[in-house]
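The sequence and structure are shown first.

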Amino acid sequence: MTLRNLVRSEVLRATKKAAHESGISLADAYAPRIDYTPDLKFGHYATPTAMELAKVFRLSPRAIAEKIVAAIEPGVFAETAIAGAGFINFTIEPTVIQKALGFTSIENWIETSQVETKAQKIIFEYVSANPTGPMNIVSARAASVGDSLTRVFKAVGHEVHREYYVNDFGNQVETLGLSFAYRYLQKFEETALPETCYQGEYIQ
């Protein structure tokens, strides 16, 4: 079960309990909406369930949210909080996240992996940045993912050599230098920028 489905299951159980205690019967097909929070400072997930059921409970969304929160059993959530008109934010217990990811602790996972893995020497290149233009999202993502992978390899006992290439040689770099020169010259006299040069504003 995914974390999102786990949250949905817990919210549904608590909502049904709150409804039962209020003498209300929910439709069998009802499934609470579970969203990601706009910022982790608010928690991992949020639900507008209390607002969706305002007509069913005949209460204000915030009052319904309070009933739902009160019906949530301990174990899955480290924190629940009511926000705004009746949103409920959830922060999941770290142990629940660890279980969902398939290991009981980082230390245990590393220890187990070391037993099962034969150490190797690894040369890992994970970014080849082109300095002739601004860094793009693909290179930024590769840097983040690549660095994370090398840390995992090292954690399980491999000998890792990181390589990060900057393509600073060849025709593209010569064109970049020429583009700089023309942009610099334009500060002092009216000079056209050749079509073969880089036209981007970032050169200026």
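In this predicted model, strands E3 (residues 77–83) and E4 (residues 87–92) run antiparallel and are joined by six bridges. Strands here are DSSP runs (E, at least two residues), numbered from the N terminus, and two of them pair if DSSP finds at least two bridges between them. E3 and E4 form a hairpin with three residues between them, and Gly84 in the turn has a positive phi of about 60°.

| Residue | Opposite residue in E4 |
|---|---|
| Glu79 | Thr91 |
| Ala81 | Asn89 |

Ile92 lies in strand E4. Because its relative accessibility is 3%, Ile92 counts as buried (under 20% relative accessible area, with a 1.4 Å probe and protein chains only). Leaving aside neighbours within four places in sequence, Ile92 is in contact with Leu3, Val7, His44, Tyr45, Val76, Phe77, Ala78 and Ile97, where contact means heavy atoms within 4.5 Å.

Residues are numbered from 1 along each chain as its sequence is written, and side-chain values use heavy atoms, with hydrogens and water left out. As the model is predicted, local features need pLDDT of at least 70 and side-chain atom pairs count only at pLDDT 80 or more, while totals for chains, interfaces and linings use all residues.

Definitions and conventions: Helix = DSSP H or I, 4+ residues; strand = E, 2+ residues; numbered from the N terminus. Buried < 20%, exposed > 50% of the residue type's maximum accessible area, 1.4 Å probe, protein only.
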